[in-house]
Amino acid sequence: MNNVLFDVPGPKSRMRHRLYAVIGIVVVLALIAFVVYSFYDSGQFTAQKWEWLQYAQVQSDLANAVVATLEAFALGAVFALIFGAVFAAGRLSDHAWVRGISTAIVEFFRAIPLLILMFLFYYGLPTLGFDTSPLFAVVLGLTLYNGSVLAEVFRAGVNSLPKGQAEAAYALGMRKTQVMFTVLLPQAIRAMLPTIISQLVVLLKDTALGFLVTYPELLYYARYIGSQGAFGRPIVPSTIVAAAIYIVMCLLLTALATYLERRNRRSKKHIEPTDRKAEQVMLGNAAGGQAFGGGLGGSS
Amino acid sequence: MDVLLNNLDLFGPFFLTTIELFALAAVGSLVFGTILAMLRVSPVPVFRAIGTAYVTIVRNTPLTLVFAFFVFAYPLLNIVKVSYFTAAVVSLTVYTSAFICEVVRSGINTVPVGQAEAGRALGLNFGQILGQVVLPQALRSVVPPMISTLIALLKNSTIAGGFSVSEAGAIRSYISERGDNQMVALLWVALGFIILVSVLSFVQRSLEKRWSVAR
């Protein structure tokens, strides 16, 4: 759509744009150079601060930290998808009381910061006499928060389908459950798949919050290595390494979402969402994948 | 109730800091995010690439990591000393801008092609079309996702509590030092956020009603 906002540049504009481009590149390069120089100047790139990466022990610990991150992600993702499906069904129910309870629960968990949820499960539950572990707190927090967001995504997906789909199914004599599971949900999930995956990217990033409830995941380990005097407290290098690993993992998931979206758009079976709210859910998430914000913070 | 009343001296100022943090980061990321969006639709390919690179990198980095960088690593660089509060505002702004940028950009996509074409027919240049024709309409149409992003920002601000900023996310650790029940305290914090989020949702609904563009 970019070329809608401006004409195809003529020779004069092209020259001007080239000038802007040079200025832009110089400014960005200057910024990067300044940061790199500051790092260099304060001795962040000395061999001593990077040598920890060569130790076999450190490498295997680092791998374990990545596995711990992925473990929290996998458990959180599976439970959140289940939670989302159950409560989306609840919010679409014909019984007012089921709808009421589901709505209250979903709205409740969406309004509370994920970190506060994790604190509740990690520091709060023991005061009631329940034993908890960091992994438990992290996974439960991720499940309740992202599950609530996913419930909204599923619901918006079902609502976005043309009315005729359900009507036709009922006309064929299908029962309510059958209509939902064999007609509506498959189409809804297909339409919302990219949004669902971008929510999973959010979930993956949110595992980093486990750092604050002492779950030994990637960021926790990066901080630990960064505080080791033996390696010269390499906090900058270890943060850089952790960032690189996180970014690669998230990019892989994002790439999957993009691929699915493209395949979706090509497919003739694809149904365009007709519902304004559904569009906003998709927009909010395409735009968001927000931290542990997931878009959709408040009202529905 | 006791936990709240005994510790009002914590809850009051700490929630105020949260709101302050939110307000500063919100203004910062709205401004910076809109600038990023303008970069991403500009006629100069290099500008578009810069905007895209920024958004891609930041969106795929956990906010906690951004915080960790600005709180633990940045001070080692001896550039400008900043307080923990400033570091938190910067982290939240750096992070949220990428999402605001995407919201604004999707808003630009919702503006009908004819609007920009009419602007060009009148001889307006890129800046004028964007600033006077497209952006005003785009911003109105993205009020709901924009406020959702800001709600996310509000909730994200609790992470600052884990990085030495005295705001709502940090109430728990002070309560535990004083020996009060953490569970109850955390539930009060949760309630505080539910109230704050409800206020933003209310603003969202009223703006949506008032600003919806007739098309």
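**Notes on the model**

1. First, the caveat: this is a predicted model. Please read each point below with that in mind.

2. Chain A has 12 helices and zero strands, and chain B has 10 helices and zero strands. Reading chain B from the N terminus, the order is simply α-α-α-α-α-α-α-α-α-α. The C-alpha atoms of chain B occupy a box of roughly 70 × 45 × 25 Å along the principal axes.

3. Next, burial and surface. In chain A, 49% of the 300 residues are buried; in chain B, the figure is 53% of 215 residues. The accessible surface is about 14400 Å² for chain A, with 66% of that belonging to carbon and sulfur atoms.

4. Take the contacts in chain A between residues at least 6 apart: 75% of them join residues at least 24 apart. In chain B, residues 24 or more positions apart account for 80% of the contacts with a separation of 6 or more.

5. Now the core. The largest nonpolar core has 140 residues, and the members touching the most others are A:Leu5, A:Leu117, B:Ile108 and B:Val134. Another core lies apart from it, with nine residues, including A:Val158, A:Ala166, A:Ala169 and A:Ala188. As a general background, nonpolar side chains in soluble globular proteins tend to be buried together.

6. Setting aside residues up to four places away in sequence, B:Val134 touches A:Leu5, B:Ile108, B:Val111, B:Ala116 and B:Ile129. So the contacts of this valine include a residue of chain A, namely A:Leu5, as well as residues of chain B.

7. B:Val134 also marks a kink. Helix H7 of chain B (residues 126-141) bends by about 50° at B:Val134, shortly before the proline B:Pro136. The buried residues of H7(B) are B:Ile129, B:Leu130, B:Val133, B:Val134, B:Leu135, B:Gln137 and B:Ala138. At the N-terminal end, H7(B) is capped by B:Asn125, with a side-chain oxygen 3.2 Å from the backbone nitrogen of B:Gly127.

8. Why is A:Cys250 not in a disulfide? The nearest cysteine sulfur, that of B:Cys101, is 18 Å away, and a disulfide needs the two sulfur atoms within 2.5 Å. Over all chains, a search of the whole structure turns up zero disulfides.

9. Is B:Thr17 buried or exposed? With a relative accessible area of 18%, B:Thr17 is buried, because the cut-off for buried is under 20%. B:Thr17 belongs to helix H2 of chain B (residues 8-40). Leaving out neighbours within four places in sequence, B:Thr17 is in contact with B:Phe85, B:Val165, B:Ser166 and B:Glu167.

10. A:Thr214 has a phi near 60°, a positive value in a residue other than glycine. A:Thr214 sits in the loop between helix H9 (176-206) and helix H10 (218-226) of chain A, and is partly exposed at 35% relative accessible area. In chain B, the phi of B:Ser164 is near 65°, also positive and also in a residue other than glycine. B:Ser164 lies in the loop between helix H8 (143-156) and helix H9 (171-178), and is partly exposed, with a relative accessible area of 48%.

11. A:Phe108 is in helix H5 (residues 96-111) and is partly exposed, with a relative accessible area of 36%. How far apart in space are A:Phe108 and A:Tyr123, which are 15 residues apart in sequence? From C-alpha to C-alpha, A:Phe108 and A:Tyr123 are 20 Å apart.

Methods: Residues numbered from 1 in each chain as written. Chains lettered and ligands numbered in written order. Heavy atoms only, no water. Core = buried A, V, L, I, M, F, W, Y, C linked by side-chain atoms within 4.5 Å. Buried < 20%, exposed > 50% of the residue type's maximum accessible area, 1.4 Å probe, protein only. Contact = heavy atoms within 4.5 Å. Bend = angle between axes of the 7 residues up to and from the residue. Helix = DSSP H or I, 4+ residues; strand = E, 2+ residues; numbered from the N terminus. Polar contact = N/O pair within 3.5 Å; in protein donor to acceptor, adjacent residues only side chain to side chain. Areas by Shrake-Rupley, 256 points an atom, 1.4 Å probe, with all protein chains shown as cover.
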